[in-house]
Amino acid sequence: MNREQIHIIARHSDWSSEDIEKALQKKVYPSPRSWQLFIKWACLAIGLSFFVAGIVFFFASNWQHLHKFTKLGILIGAIIIVVSFSLYPKLEPLIRKILLTVASVLTGVLFAVFGQVYQTGANAYEMFLAWMALTMVWVIVAKFPVLWLLYIVLGNITWFTYVAQGGSGYIYDLRFEINAILNFFIFVLATKKPALFIEDRKIPNWFLFIIAIPAVAMYVAALINALATTEVVLPLARSLGIGLVIGSYLYDYGMKRKSILYHVLVGLSIVLVGMLLIGRFVDNYANFGLYFNSIYVLVSVGAMSIFFLRLVKKWRHE
Amino acid sequence: MSKLPEWLPQSGIRYDEAAIRQELEQKKQVPENQVVRVFIIVGIILSSVLLVSILLVLGIHESPTIMLALGVFGYISGLLWHRRARTEVFDFWAISLLVMGYGSITYAFAEWELNTWIAFPIMALLSVVSVLFSFGFILPFLGTLSFYTVLLTWIAVEKQPLLMVLFVGLLHLELLVLYLAEGKFLASFRKLSRHFDPIRLGTVMAIQLALFIFTPFYIPFVSPEQPFANYELYYSIPSSVLCFYTVYYLSPAMGFFKGPSKMAILSIIGILLILTIYAPAISSTLLLLLLTYYGRHATGVVLAGLALIYAITMYYYEMEFTLLAKSFVLMGTGLIFITGFVLLNRFLKNHGEER
């Protein structure tokens with residue numbers, strides 16, 4: 001019995017409030033064990049986040065009393081301690097992985113302090129790239145989705161700082177397309193080779209969904225960029241082609257995993273892309289474009305919601 | 001036809017078998033999904049905005065009377081259509097039409113600069129009607145949210161900071177009842193209970209809206225200024241008391257029945273609430289997080305969690321300390337939580353509850 005059934009029975013019966021409460025306690029509400037695990041992991045996540053944020057703030061405050069070697073020494077020492085703890089076999093595997101994540105963040109701080117102390121004159125992307133290179137082994141060894149996520153965010157930052165500071169004009173023009181492809185490649189890798197990203201478990205849906213979002217967002221950004229150019233045909237064909245490949249793969253993956261998340265993500269992008277194309281190509285004479293867009297949204301969202309709900313129904317019956 | 005749960009016939013409860021079977025079957029035929037709901041709500045907002053834009057570009061907005069007439073037509077026909085709609089697509093169109101009507105009526109009232117004591121009650125009434133006469137999730141949710149938004153806007157327009165305090169406090173109390181006394185709510189309002197989920201989510205979002213837009217906590221440039229000294233305390237004391245009560249009430253459900261463990265958890269939460277007494281958003285969102293987790297309300301947990309992270313970030317950002325002092329405070333807080341983790345881990349291992 002689930003909450004929905006309890007509500008339906010309560011609605012059409014004289015079920016007493018005490019008995020409804022008992023049924024909810026038994027079937028819906030979390031057990032003491034769930035609560036304790038929730039509080040336990042929340043304490044660790046909050047504790048480590050605060051501690052690492054404190055370290056970042058400490059070095060951001062640029063305390064003049066500290067000698068440069070002390071600054072670097074504190075950070076290197078902290079990294080060594082954290083990594084050493086992560087090697088301690090008696091610790092729970094999850095804690096060891098979290099410690100490696102902390103070490104990865106501290107590595108970034110170390111690079112920032114290093115750049116500040118020695119005024120290396122390096123571009124920002126070089127720092128991010130070095131950060132990525134140095135933490136790569138930990139990411140591969142830990143097989144921890146949170147650390148992977150941090151790494152992917154870092155990869156995206158590296159890409160955009162590179163494009164802004166060191167990339168050629170041609171690469172700059174294709175920045176969104178290339179980024180969409182890179183994020184999509186990681187998504188494909190995570191679905192085809194999940195063992196690279198997680199140990200002994202099915203790859204979590206939240207992780208895949210978060211990686212899918214930038215892939216889709218970037219092809220929409222590429223399309224917006226293409227529509228803003230004068231030579232619209234080739235850039236538009238390119239971004240639409242990329243969108244088609246990414247969309248088809250996500251759709252197919254959603255069907256295999258029986259998860260509507262991917263369909264909805266692709267659906268939203270279709271609505272948005274359609275609106276942008278209508279806005280660009282349908283002549284707005286006598287506001288025709290606006291009327292056409294309204295009809296398009298009403299029809300496309302309506303049709304897609306029917307399709308999505310039918311899929312959900314079909315999967316539930318299976 | 002859907003089956004009744006096996007225990008029901010022997011339970012001694014008097015029930016309407018046909019109605020239960022019919023509703024169970026209906027749920028089976030039209031499944032609900034949170035992600036699809038979000039998609040449809042985005043679609044409704046987009047299409048309503050486009051429909052109102054059409055009225056604007058046609059120049060209809062120049063006559064508030066016609067805007068009002070079209071608004072009333074859109075609202076009534078949308079509501080009637082929604083009640084008769086048998087498919088998702090018609091329902092989506094009906095709600096879009098209704099929202100467009102609601103928007104047009106609001107526009108007409110704003111153009112006329114209608115007395116707030118007439119305009120806001122009418123808008124609130126329209127929201128209530130759309131909740132009472134609706135089905136499913138989306139319209140009652142939008143109705144609940146718009147009802148609270150109208151009331152919050154009304155209080156803000158009238159510049160009544162103490163009334164805002166009272167209203168936000170009442171919203172917290174309502175949420176406490178919805179989560180901690182779900183059984184009582186279902187037994188007391190059997191007809192209205194079909195809207196339990198949308199009303200609950202609408203209230204969770206209304207509290208966040210109140211905190212982040214209608215009170216000085218915490219969006220600079222959007223939030224109003226502090227009306228008087230220690231204004232935060234008017235919010236934080238009620239929400240802290242409610243938060244403390246919730247932890248006290250839920251401590252048996254958390255497995256902290258008596259003795260030192262219960263005292264420890266109450267002391268920790270007490271200290272935390274005292275330390276953040278000048279940041280009402282923290283006690284408020286912590287309360288939301290506890291309640292939504294207790295109610296197994298996934299959407300609520302995500303919203304409350306994100307709001308809590310934001311509230312904590314703003315708390316540290318707004319601290320009038322040097323960056324160096326802030327860093328020590330952050331590291332110290334981190335160490336306290338890590339110690340909490342270690343102690344709890346030991347407690348769980350000693351009591352064998354990890355298994």
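Lys97(A) counts as buried at 15% relative accessibility. Buried here means under 20% relative accessible area, exposed over 50%, and partly exposed in between, with a 1.4 Å probe and protein chains only. This is a predicted model, in which local features need pLDDT of at least 70, side-chain atom pairs count only at pLDDT 80 or more, and totals for chains, interfaces and linings use all residues. Residues are numbered from 1 along each chain as its sequence is written, chains are lettered from A and ligands numbered from 1 in the order in which they are written, and side-chain values use heavy atoms, with hydrogens and water left out.

**Salt bridges**

Lys97(A) forms a salt bridge with Glu199(A), the closest N and O atoms being 3.1 Å apart. The pair links distant parts of the chain: Lys97(A) sits in helix H5 of chain A and Glu199(A) in the loop between helix H9 (175–192) and helix H10 (205–227), 102 residues apart. Glu199(A) is partly exposed, with a relative accessible area of 39%. A salt bridge is a side-chain nitrogen of Lys or Arg within 4 Å of a carboxyl oxygen of Asp or Glu. Helices (H or I, at least four residues) and strands (E, at least two) are DSSP runs, numbered from the N terminus.

Over all chains, a search of the whole structure finds 10 salt bridges. One of them pairs Glu182(B) with Arg3(A), at 2.9 Å between the closest N and O atoms. Glu182(B) lies in helix H8 (residues 182–188) of chain B and Arg3(A) in helix H1 (residues 3–11) of chain A, so this pair joins two chains. Glu182(B) is buried, with a relative accessible area of 1%. Arg3(A) also counts as buried, at 13% relative accessibility.

Another salt bridge stays within one helix. Glu17(B) and Arg21(B) meet through their side chains at 3.0 Å, N to O. Both lie in helix H1 (residues 17–29) of chain B, 4 residues apart, about one turn of the helix. Glu17(B) is partly exposed, with a relative accessible area of 36%. Arg21(B) is partly exposed too, at 23%.

**Chain B**

Chain B has 14 helices and 0 strands. Its C-alpha atoms fill a box of roughly 65 × 60 × 30 Å, taken along the principal axes. Of its 355 residues, 51% count as buried.

Part of the surface is nonpolar. Leu163(B), Leu166(B), Leu170(B) and Leu173(B) make a nonpolar surface patch of about 360 Å². Patches are made of residues with over 30% relative accessible area and no salt bridge; like charges are joined within 9 Å, and nonpolar side chains (Val, Leu, Ile, Met, Phe, Trp, Tyr) within 5 Å. Accessible areas come from the Shrake-Rupley method with a 1.4 Å probe, and for residues only the protein chains shown count as cover. Leu163(B) belongs to helix H7 (residues 161–180) of chain B. At 41% relative accessibility, Leu163(B) counts as partly exposed.

**Cavities and a pocket**

On a 1 Å grid over the protein atoms alone, a cavity is a set of points where a 1.4 Å probe fits but cannot get out; a pocket is an open set with protein on both sides within 12 Å along at least five of seven lines, and lining residues have an atom within 4 Å of a point. Grid points are joined across faces, edges and corners, and a volume is the space filled by probe spheres set on the points.

The search finds 2 cavities of 30 Å³ or more.

| Cavity | Volume | Lining by class |
|---|---|---|
| Largest cavity | about 40 Å³ | 5 nonpolar, 3 polar, no charged residues |
| Second largest cavity | about 30 Å³ | 6 nonpolar, 2 polar, no charged residues |

Ala, Val, Leu, Ile, Met, Phe, Trp, Tyr, Cys and Pro count as nonpolar, Asp, Glu, Lys and Arg as charged, and the others, Gly among them, as polar.

The lining of the largest cavity includes Val165(B), His172(B), Tyr234(B) and Pro238(B). H7 and helix H10 (231–254) of chain B each give two or more residues to that lining. Residues lining the second largest cavity include Ser104(A), Trp131(A) and Tyr151(A). H7(A) gives the most to this lining, with 4 residues.

The second largest pocket has a volume of about 710 Å³. Its lining has 28 residues, of which Leu48(A), Val82(A), Phe85(A), Leu99(A) and Ile338(B) lie nearest the centre. H14(B) gives the most to this lining, with 9 residues. By class, the pocket lining divides into 23 nonpolar, 1 polar and 4 charged residues.
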